[in-house]
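This report goes through a single protein chain, from individual positions to the fold as a whole. The sequence and structure are shown below.

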Amino acid sequence: MINLTIYTTPTCVYCKMAKEFFTSNNINYQEINVAADQAAARTMVQKSGQLGVPVITVEKDGKEEIIIGFDRPRLSQLLDIK
């Protein structure tokens, strides 16, 4: 089971690209708009050390990977997308 969360803002082009990538590959994800949720923004910064979005967390096999930005090769590897 893979749990994927993407921290976004409404104007982020890379966030949109990542979400389109997930949708086109039938990957379910939870989106958290950090512009509207300050507590989530703090959580994102604590997890990643970053203020910028997207920050993507992939929970797989009991481990959490944090990806800064839209890193298509790394996401493809983690999500077993060819």
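## Asparagine 26

Asparagine 26 counts as exposed because its relative accessibility is 70%, above the 50% cut-off for that class. The residue lies in the loop between helix 1 (13-24) and strand 2. Between asparagine 26 and proline 73 there are 47 positions in sequence, and their C-alpha atoms are 17 Å apart in space. The model is a predicted one, and the values given here are computed from it.

## Overall fold

The protein chain has three helices and four strands. Read from the N terminus, the order of elements is β-α-β-α-β-β-α. The C-alpha trace spans about 35 × 25 × 20 Å along its principal axes. For 82 residues, a compact globule would have a radius of gyration near 12 Å, and the protein chain agrees with this because its own value is 12 Å.

Of the 82 residues, 38% count as buried. Among contacts with a separation of 6 or more, 53% are made by residues 24 or more positions apart. The protein chain exposes about 5100 Å², and carbon and sulfur atoms supply 48% of that area. There are 9 positive and 9 negative side chains, with the centres of the two sets 3 Å apart.

## Strand 1

Isoleucine 2 is partly exposed, because its relative accessible area of 32% falls between the cut-offs of 20% and 50%. Leaving out residues up to four places away in sequence, isoleucine 2 touches Val58, Glu59, Lys60, Leu78 and Leu79. The C-alpha atom of isoleucine 2 is separated by 9.2 Å from that of tyrosine 29, 27 residues away along the chain.

Threonine 5 is also in strand 1. With a relative accessibility of 10%, threonine 5 counts as buried. Its contacts, again without residues up to four places away, are Gln30, Ile32, Val55, Ile56 and Thr57. Threonine 8, another residue of strand 1, counts as buried at 0% relative accessibility. Beyond its neighbours within four places in sequence, threonine 8 is in contact with Cys15, Glu31, Ile32, Asn33, Val34, Ala35 and Val53.

## Helix 2

Which residues of helix 2 (residues 38-48) are buried? They are Ala40, Ala41, Met44 and Ser48. These residues lie on the same side of helix 2, because they cover an arc of only 105° around the axis. The face turned away from this buried side carries the exposed residues Arg42 and Gln46.

## Backbone exceptions

Most residues other than glycine have a negative phi, and most peptide bonds are trans. Which two residues does a cis peptide bond join? They are valine 53 and proline 54, with omega about 0°. Proline 54 is found in the loop between helix 2 and strand 3. Valine 53 is also among the contacts of threonine 8.

Aspartate 61 has a positive phi, near 55°, and is a residue other than glycine. This aspartate is found in the loop between strand 3 and strand 4. Its relative accessible area is 67%, so aspartate 61 is exposed. Aspartate 80 likewise has a positive phi, near 55°.

Technical notes. Residues numbered from 1 in each chain as written. Predicted model: local features only at pLDDT ≥ 70, side-chain atom pairs only at ≥ 80, totals over all residues. Heavy atoms only, no water. Helix = DSSP H or I, 4+ residues; strand = E, 2+ residues; numbered from the N terminus. Rg over C-alpha atoms; globule rule 2.2 N^0.38 Å. Buried < 20%, exposed > 50% of the residue type's maximum accessible area, 1.4 Å probe, protein only. Contact = heavy atoms within 4.5 Å. Areas by Shrake-Rupley, 256 points an atom, 1.4 Å probe, with all protein chains shown as cover. Lys, Arg positive; Asp, Glu negative; His and termini not counted. Charge placed at Lys NZ, Arg CZ, Asp CG, Glu CD. Arc of directions from axis to C-beta.
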